[in-house]
Amino acid sequence: MKAKRENPGDLLQGTLDLLILKALARGARHGYGVAEWIHETSRDILRVEEGALYPALHRLELRGLLRSEWGASDNNRRAKFYSLTVAGGKQLGEETAFWHRMSGAVARILQTA
Amino acid sequence: MQGWRNKTWRRAKAMWKRPQLDRDLHDEVAFHLAMREEKNRRAGMAPEEARYAARRQFGNPTSLEERSREMWTLVSVEGLLQDIRLGARKLRKSPGFTFVAVLTLALGIGANTAIFSLIHTVMLKSLPVSNPRELYRLGAGTSCCVLDGLQGNFGIFSYSLYQQLEANTPEFSEMAAFGGALNFLSVRRAGAAGRAEPYVGEFVSGNYFSTFGLGAYSGRLLSASDDLPSAPPVAVMSYRAWREHYSLDPSVIGGSFLVNGHPATVVGVTPPEFFGETLRRDPPDFWVPLADEPLLRPDGSLLTHPELHWLYVVGRIKPEAKPTQVEARVTLEVQQWLTSQGQIPETFRGEIAKQHVTLSPAGSGVARLRANYADGLRLLAAASGLVLLIACANVANLLLAQGTAQRAQTAMRVALGAPRFRLIRQALTEGLMLGLLGGAAGLAVAYVGTQVILSLAFRGAHYVPIDTAPSLPVVAFAALLSVLTSVTFAAAPAWISSRADAGEALRGAQRSIHEGSSVPQKSLIVLQAALSLVLLAGAGLLTESLRNLESQQFGFETDGRLIVKVDPGLAGYTADRLDGLYRTLRERLGQIPGVESVSLSL
């Protein structure tokens with residue numbers, strides 16, 4: 001997964017999945033909307049490449065964590081909207097807890113002199 | 001685990017609605033591009049530049065679609081379906097090639113399937129009885145039909161010896177005896193006006209049917225109480241005789257019949273698939289208890305002669321008994337019996353110790369047909385195997401030629417990025433389709449072939465209890481053989497054709513003149529010629545033998561001569577009346593118009 005930030009490096013595998021799940025926690029969005037939301041909410045630090053976004057969306061849908069529906073976007077264009085399933089919501093909770101645990105552990109290690 | 005199954009289910013569903021999936025993927029990408037283009041335009045870019053910038057940022061939409069599509073579909077299954085569709089189209093487009101290839105394979109696979117079908121029935125199939133694996137026959141081999149003296153390896157027994165063995169061998173839960181040869185019986189319905197008909201009959205012990213664990217289809221079968229001298233004469237009819245000669249008339253059961261002139265009751269009918277314990281042409285129509293043998297065969301009854309061996313013995317071994325031990329025990333009993341018999345001359349007494357009995361499994365019946373035809377079947381199996389090899393070489397050659405002709409197409413596919421594995425798989429799939437088509441047609445060939453072989457082998461027989469309809473083992477064999485054949489003839493051409501070099505072939509594809517056959521093609525032709533020569537030589541020799549047999553010199557003119565066999569004993573003629581009978585016969589036959597002369601012989 002590629003994301004541009006100030007310090008280029010690899011985020012943990014599966015972080016993109018977590019971000020997508022969180023993006024859809026508040027309601028259905030289309031793919032473009034998810035990318036924009038991540039970009040805005042991370043204050044321009046994280047930009048998801050389409051080459052990674054769509055495969056991730058499809059992968060999550062295959063796993064049954066998302067469901068999709070065709071609808072009309074704000075400007076009346078036909079777009080595919082993704083939303084969380086029950087399993088997706090549960091997965092979001094688990095992944096968030098895992099992320100906090102992980103990042104907390106890393107932070108603690110970095111704090112030691 | 002659960003997740004994997006759901007995932008596969010969703011993918012299968014998506015594959016089903018493939019065109020919809022393609023459209024959806026495309027639309028999703030198009031929407032994203034449009035949104036980005038709009039954003040760029042709002043940021044102030046010119047419309048053309050906005051679009052280019054959006055596309056550049058996006059990356060390659062086609063490869064993205066492809067990647068998503070791969071995720072959504074089961075790629076291997078999809079690929080296989082594509083191969084099958086392409087293969088079917090290719091076969092349809094060259095009907096001449098397809099026809100020749102399928103015909104060749106049909107002949108090859110059909111011949112082998114026919115032989116297998118016969119081998120299966122004659123050598124492998126079990127009797128339609130219960131627990132065939134517990135059945136054992138005392139003796140091996142097919143010694144027939146009335147012997148006296150010592151046999152070395154005892155395979156046929158006298159009635160007295162059978163009674164001795166039955167009484168003194170507790171390892172057998174049941175032991176039955178039946179005549180080694182079949183007899184003609186003249187049977188007529190009591191009170192009916194028609195002529196007596198000759199039927200095939202077998203003398204069996206009372207416990208014959210219970211040893212085989214058979215139940216009657218209608219009425220009842222023989223029991224031990226029928227096999228006593230004091231019991232009224234009875235008989236059991238075969239289902240086939242009941243259907244063919246009595247039209248399933250229910251009054252036959254329990255009906256009164258005249259057998260060889262003596263009254264007997266038909267007590268029941270055997271199950272339809274039972275044809276006796278030996279696979280033979282013209283199986284028994286009637287089973288009669290041993291005790292009635294002296295009655296039906298007054299001249300030359302064998303029952304009362306302890307030294308005449310004419311019965312085969314079959315029995316059911318108890319589960320805890322071991323065949324080798326039983327063998328030893330039976331051998332001992334036979335030797336003791338022989339010693340107690342007075343007729344063996346002194347000089348042969350020493351031979352008694354050499355007499356032994358081998359137990360042979362009787363689950364598939366007495367091996368009469370097997371012994372007679374095993375060699376012929378093996379020869380035919382070898383020949384049809386060679387035919388199949390020739391067919392494979394033929395089709396492989398055709399495929400190689402086809403591969404060469406389609407060089408340009410293959411080169412194009414390689415240039416577009418098709419992996420070699422994919423090309424080989426497609427060629428193999430096409431070969432498999434050819435093979436399965438050939439196998440299906442081969443089943444029809446096998447059906448006809450089996451009937452032809454049977455009618456040739458059993459000329460003159462009224463009925464041979466061999467079922468020629470394709471059974472499950474036969475169909476499975478044909479399918480398996482088709483697959484193996486396909487792999488054999490398609491593998492090498494697939495591998496060779498997939499070696500196309502993209503540039504080389506495209507350049508050369510403009511030329512329509514090929515350089516002639518390649519080395520693999522030539523060697524296949526040589527192989528075919530060699531195998532065909534072997535088959536031709538064999539066929540030629542066999543034909544010559546057949547001709548020699550047919551034109552054999554008997555020392556007299558065989559043209560226009562007929563042999564009439566008469567068995568007056570069946571009609572109750574005793575020896576004193578025979579002289580008059582034969583004189584009358586000679587006169588009457590001579591009076592038939594067209595008959596030049598009549599003579600008698602023994």
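Over all chains, the structure holds 24 salt bridges, a salt bridge being a side-chain nitrogen of Lys or Arg within 4 Å of a carboxyl oxygen of Asp or Glu. This is a predicted model, in which local features need pLDDT of at least 70 and side-chain atom pairs count only at pLDDT 80 or more, while totals for chains, interfaces and linings use all residues. Residues are numbered from 1 along each chain as its sequence is written, chains are lettered from A and ligands numbered from 1 in the order in which they are written, and side-chain values use heavy atoms, with hydrogens and water left out.

One salt bridge joins Glu61(A) to Lys80(A), with the closest N and O atoms 4.0 Å apart. This pair links distant parts of the chain, since Glu61(A) lies in helix α3 of chain A and Lys80(A) in strand β3 of chain A, 19 residues apart. Helices (H or I, at least four residues) and strands (E, at least two) are DSSP runs, numbered from the N terminus. Lys80(A) also meets Glu28(B) in a salt bridge, at 4.0 Å from N to O. Between chain A and chain B the count is four salt bridges.

Contact (heavy atoms within 4.5 Å) involves 25 residues of chain A and 21 residues of chain B. The area buried between chain A and chain B is about 2400 Å², and carbon and sulfur atoms give 58% of it. Buried area is the accessible area (1.4 Å probe) that two parts lose on being put together, summed over both. In chain A, the residues that lose the most area to chain B are Tyr32(A), Glu50(A) and Leu62(A), together 34% of what that side buries.

Two helices, one from each chain, also pack together. α2(A) and helix α2 (residues 18-42) of chain B have axes 9 Å apart, at an angle of about 50 degrees. Axes are lines fitted to C-alpha atoms, for helices over the stretch in contact, and angles run from 0 to 180 degrees between N-to-C directions. α2(A) is therefore oblique to α2(B); angles under 35 degrees count as roughly parallel, over 145 as roughly antiparallel, 65 to 115 as roughly perpendicular and the rest as oblique. From α2(A), the contact is made by Gly31(A), Tyr32(A), Ala35(A) and Glu36(A), and from α2(B) by Phe31(B), His32(B), Met35(B), Arg36(B) and Lys39(B).
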